[in-house]
Amino acid sequence: MENKIALVNKSTNRVENIIIVSSLDDAPNWETNTFSAIPVQENQTAYVYGIWDGNDFQIPENEYLISIGILNPEVPKEN
């Protein structure tokens, strides 16, 4: 089974990366002044660019993904 740790930016609570580790006990090894290392539990899904609210991982908003250039805005089709 994969064990995942979400690296969460401490100032924005955004998930910056998700790493696969051999054990969730490795989480403290990934903590820095900038990032919290949050173990992803079996019943959770972490999303890169999503929010960690302290209990759950939230899906990133389309508006945020557009603002950082990850998602293209939907262009209306001309008839």
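Asn13 lies in the loop between S1 and S2, where strands, like helices, are DSSP runs numbered from the N terminus (E, at least two residues, for strands; H or I, at least four, for helices). In this predicted model, in which local features need pLDDT of at least 70, side-chain atom pairs count only at pLDDT 80 or more, and totals for chains, interfaces and linings use all residues, the phi of Asn13 is near 65°, a positive value in a residue other than glycine. Residues are numbered from 1 along each chain as its sequence is written, and side-chain values use heavy atoms, with hydrogens and water left out. Most residues other than glycine have a negative phi. Asn13 is partly exposed, with a relative accessible area of 36%; buried here denotes a relative accessible area under 20%, exposed one over 50%, and partly exposed a value in between (1.4 Å probe, protein chains only). The turn that holds Asn13 belongs to a hairpin formed by S1 and S2, with five residues between the two strands.

A positive phi is also found at Tyr49, where the angle is near 75°. Tyr49 is located in the loop between S3 and strand S4 (51-52), and with a relative accessible area of 30% Tyr49 is partly exposed.

Strands of a sheet pair through backbone hydrogen bonds, either parallel or antiparallel. Strand S1 (residues 3-9) is joined to S3 by six bridges, the two strands running antiparallel, and six bridges likewise join S1 to S2, also in antiparallel fashion. Val8 has Val15 as its bridge partner in S2 and stands opposite Ser36 in S3, while Leu7 stands opposite Ala37 in S3.

Strand S1 is mostly covered, six of its seven residues being buried. Asn3, found in strand S1, counts as buried at 15% relative accessibility. A polar atom of the Asn3 side chain lies 2.9 Å from the backbone oxygen of Ser22, a polar contact being a pair of N or O atoms within 3.5 Å (within protein, one must be able to donate a hydrogen and the other to accept it, and residues adjacent in sequence count only if both atoms are side-chain atoms). Leaving aside residues up to four places away in sequence, Asn3 touches Ile19, Ile20, Val21, Ser22, Ser23 and Leu24, contact meaning heavy atoms within 4.5 Å.

The largest nonpolar core has eight residues, namely Ala6, Val8, Val15, Ile38, Val40, Ala46, Trp52 and Phe57, a nonpolar core being a set of buried Ala, Val, Leu, Ile, Met, Phe, Trp, Tyr and Cys residues joined through side-chain atoms within 4.5 Å. The elements that contribute two or more residues to this core are S1 and S3. A second, separate core of six residues includes Leu7, Ile19, Ala27 and Ala37. Val15, a member of the largest core, touches residues including Ala6, Val8, Tyr49 and Phe57, when those up to four places away in sequence are not counted.

Glu31 is situated in the loop between S2 and S3 and is partly exposed, with a relative accessible area of 37%. The side chain of Glu31 reaches the backbone nitrogen of Ala37 at 2.8 Å, and Glu31 touches Lys10, Ser36 and Ala37, again not counting residues up to four places away in sequence. Glu31 and Leu7, 24 residues apart in sequence, are 8.0 Å apart in space, C-alpha to C-alpha.

Over its whole length the chain has one helix and five strands, following the pattern β-β-β-β-β-α along the sequence. Buried residues make up 29% of the 79 residues. The radius of gyration is 15 Å, whereas a compact globule of 79 residues would have a value near 12 Å, the radius being taken over C-alpha atoms and the globule rule being 2.2 Å times the number of residues to the power 0.38. Along the principal axes, the C-alpha atoms fill a box of roughly 55 × 30 × 20 Å.

Definitions and conventions:
Two strands pair if DSSP finds at least two bridges between them.
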